[in-house]
Amino acid sequence: MDEKEAFRIGSELVKGSRFALLSTIGDDEHPWTKMMFNIAPEGLKKIYFSTNTSSRRVSHILRNGRASVYFFDQERFVGLLLIGTARVLQDEESRKRFWVDGFERYYRLGVNDPDYSVIEFVASKANLYCSLSKTDFLV
């Protein structure tokens, strides 16, 4: 599969996925993976997640921004690995931009809850598994 087709398939997968797996580097230098809501992808380059400021995820990213995100379609057996960096956004503009109705369940004080943060993941490269083949490409 050529890179253009892999990019197209990967983009469709990201756009249609409700969840993603975010992996960060823990304090023990091992990868830690957690399922996250896919709240606001911008193509394959930028993926945004919400999380608790008090979470391990935030402390991992503040210490080491290297991260990866994995999307998959279990019925078609397609998977996309994005490799890049993550950073924690806590500014008012980012919080409002990515706020989703229903987040009050997780962040009781609303959009200004000090325990509400946004994670911005920026991909640099990708690997798509589809139709029994793997394709690496730059994002």
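Q: Which residues is F71 in contact with, leaving aside its neighbours within four places in sequence?
A: A contact here means heavy atoms within 4.5 Å. With the sequence neighbours of F71 within four places set aside, the partners are L13, V14, S17, F19, A20, N38, I47, V78, G79, L80 and L82.

Q: What kind of model is this?
A: Residues are numbered from 1 along each chain as its sequence is written, and side-chain values use heavy atoms, with hydrogens and water left out. Local features need pLDDT of at least 70, side-chain atom pairs count only at pLDDT 80 or more, and totals for chains, interfaces and linings use all residues: the model is predicted.

Q: How many residues are in the largest nonpolar core?
A: A nonpolar core is a set of buried Ala, Val, Leu, Ile, Met, Phe, Trp, Tyr and Cys residues joined through side-chain atoms within 4.5 Å. F71 is among the residues with the most contacts inside the largest one, along with F49, V69, L80, L82, F121 and L128. The count for this core is 27 residues.

Q: Which element gives the largest share of this core?
A: Helices (H or I, at least four residues) and strands (E, at least two) are DSSP runs numbered from the N terminus. Those giving two or more residues to this core are helix 1, strand 1 (19-25), strand 3, helix 2 (56-63), strand 4, strand 5 (78-89) and strand 6 (116-130). The largest share is 6 residues, and it comes from strand 6.

Q: How many residues are in the second, separate core?
A: This core includes F98, W99, F103 and V118. Its count is 9 residues.

Q: What share of the protein is buried?
A: Buried means under 20% relative accessible area, exposed means over 50%, and partly exposed lies in between (1.4 Å probe, protein chains only). In soluble globular proteins, nonpolar side chains tend to be buried together. Of the 139 residues here, the buried share is 42%.

Q: Is F77 buried or exposed?
A: F77 sits in the loop between strand 4 and strand 5. The C-alpha atoms of F77 and C130 lie 7.0 Å apart, though 53 residues separate the pair in sequence. With a relative accessible area of 59%, F77 is exposed.

Q: What does L81 count as, by its relative accessibility?
A: L81 belongs to strand 5, and its C-alpha atom is 5.9 Å from that of V69, 12 residues away along the chain. Apart from neighbours within four places in sequence, L81 touches S68, V69, Y70, K125, A126 and N127. Its relative accessibility is 27%, so L81 counts as partly exposed.

Q: In what order do the elements of the protein run from the N terminus on?
A: The protein has 3 helices and 7 strands. Read from the N terminus, their order is α-β-β-β-α-β-β-α-β-β.

Q: What is the radius of gyration of the protein?
A: This radius is taken over C-alpha atoms, and the globule rule is 2.2 Å times the number of residues to the power 0.38. The rule gives 14 Å for 139 residues, and the protein comes close to that, so it is as compact as a globular protein of that length. Its C-alpha atoms fill a box of roughly 45 × 35 × 25 Å along the principal axes. The radius of gyration is 15 Å.

Q: What share of the contacts with a separation of 6 or more joins residues 24 or more positions apart?
A: F77 and C130, at 7.0 Å C-alpha to C-alpha, show how positions 53 residues apart in sequence can lie in space. Across the protein, for contacts with a separation of 6 or more, the share from residues 24 or more positions apart is 63%.
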